[in-house]
Amino acid sequence: MDIYERLREILDSHPSTAPKAKSINEILHILFTPEEAALAVNMSYKAKSASSIAKLAEVSEDIAKQNLESMANKGIIYSKNKEGEKLYSLLPLIPGVFEFPFMKGGGTPMHKRLGELWEEYHHEALGASFAGQPTPLMRVIAVEKSITAQDRIHPYEEVKNFINNANYIALTKCACRVSVGKCDKPKEVCLIFGEAAEFLVERGFARQISKEDGLKVLDQAEEAGLVHTSNNSADRANLICNCCPCCCTVLRGRTQLKHLHAFEPSRFEAYVTGEDCTGCAICAEERCPMKAIEIKDDIAVVNVQECIGCGLCVSGCPAGAIKLIERKQIPSTPATIREMGANVLQEKGRLDAFLKIMQS
């Protein structure tokens, strides 16, 4: 089997998937040299030492370290420090192999070609594969200003808690807006937490920021009409993406590809108090990313089937005529990232393949 196809199959075992297509083959050829691909197929999503990987790949440790460092510097594999030793592991396509190479800003012919290929891959295969299961990998978090005090029930649904509970925060550019470039929304608004944040800062893909600056980023994103999304689990947040409907992979799963399970909406939906609505249409024309609001007889009307509960209409309403109310059917949230991943793998029929990679 071709080494790049072997690598794709390994990446496809992850919950994020890497379905077969001509575009992903070219993407992998651009990102990985043949020597790097040959090393990567001997890696796992579990971090290992360079010596262990070198032994599996039957190459010298020096050559393995050289190629592993090259891949980590390109953002196509992950590295971390543990007890004074550098360990390396594979990255999934999302978030990882797609996003990280664009986080420094792109702008080269290589990035231009990669952007074209990822866009082709999104429409051809990846968008449907990433989104096409009952348990989404990502979920919407309502903007803080749109949630009333009595609705603050679950800490994992309050986006400011993600910032306040983080021990390390990195700020980086939105890879989707860098690669797709269909709007002028702010780019440096993606927040990463924990070990992944440290990796991105170490390799020059992001910069460390304070909690105060993280909260300012949330306000900037809300003002720009960007949707907060995060991993779909209740234990901890690995990231906060601030998404637009024209560029971002997560939202476009619904806006373009029409997949109901592209992401999980928040537990809220928008509700308009008709007597307070002035019919200004700001909610419908400027704030709603899903086009779930229309003006009828000078009153805003919400299509609750399309509403994702982001709260942007609430924070942007000058008349205060919109609020978020709890849905009749509240989406369930997996308790942990591990539970979410296991659910997705079972639904996609990839659990055995993933366990095989992890045990290698």
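Trainee: In this predicted model, what share of the contacts in the chain with a separation of 6 or more comes from residues 24 or more positions apart?
Mentor: Take the contacts in the chain whose partners have a separation of 6 or more. Among these, the part that joins residues 24 or more positions apart is 70%.

Trainee: How many helices and strands does the chain have, and what is its radius of gyration?
Mentor: The chain holds 16 helices and 13 strands. For 360 residues the globule rule gives 21 Å, and the chain comes close to that value, so it is as compact as a globular protein of that length. Its radius of gyration is 21 Å.

Trainee: What percentage of the 360 residues is buried?
Mentor: A residue counts as buried when its relative accessible area is under 20%. Of the 360 residues in the chain, the buried ones make up 56%.

Trainee: How are helix 2 and helix 7 oriented to each other?
Mentor: The axes of helix 2 (residues 22-31) and helix 7 (residues 109-131) come within 8 Å and cross at roughly 150°. Angles over 145 degrees count as roughly antiparallel. That makes the orientation of helix 2 to helix 7 roughly antiparallel.

Trainee: Are helix 4 and helix 5 roughly parallel or roughly perpendicular?
Mentor: The axes of helix 4 (residues 50-57) and helix 5 (residues 61-74) come within 8 Å and cross at roughly 110°. An angle from 65 to 115 degrees counts as roughly perpendicular. Helix 4 and helix 5 are therefore roughly perpendicular.

Trainee: Is the crossing of helix 4 and helix 5 left-handed or right-handed, and which residues of helix 5 make the contact?
Mentor: The crossing of helix 4 and helix 5 is right-handed. Helix 4 brings A50, S51, I53 and A54 to the contact. The residues from helix 5 are E61, A64, K65 and L68.

Trainee: Where is G105, and which residues is it in contact with, leaving aside neighbours within four places in sequence?
Mentor: G105 lies in the loop between helix 6 (93-97) and helix 7. Its relative accessibility is 26%, so G105 counts as partly exposed. Leaving aside neighbours within four places in sequence, the contacts of G105 are K173 and V178.

Technical notes
Residues are numbered from 1 along each chain as its sequence is written. This is a predicted model: local features need pLDDT of at least 70, side-chain atom pairs count only at pLDDT 80 or more; totals for chains, interfaces and linings use all residues. Side-chain values use heavy atoms; hydrogens and water are left out. Axes are lines fitted to C-alpha atoms, for helices over the stretch in contact, and angles run from 0 to 180 degrees between N-to-C directions. Helices (H or I, at least four residues) and strands (E, at least two) are DSSP runs, numbered from the N terminus. Angles under 35 degrees count as roughly parallel, over 145 as roughly antiparallel, 65 to 115 as roughly perpendicular and the rest as oblique. The radius of gyration is taken over C-alpha atoms; the globule rule is 2.2 Å times the number of residues to the power 0.38. Buried means under 20% relative accessible area, exposed over 50%, partly exposed in between (1.4 Å probe, protein chains only). Contact means heavy atoms within 4.5 Å. A crossing is left-handed if the near helix is turned anticlockwise from the far one by less than a right angle, and right-handed if clockwise.
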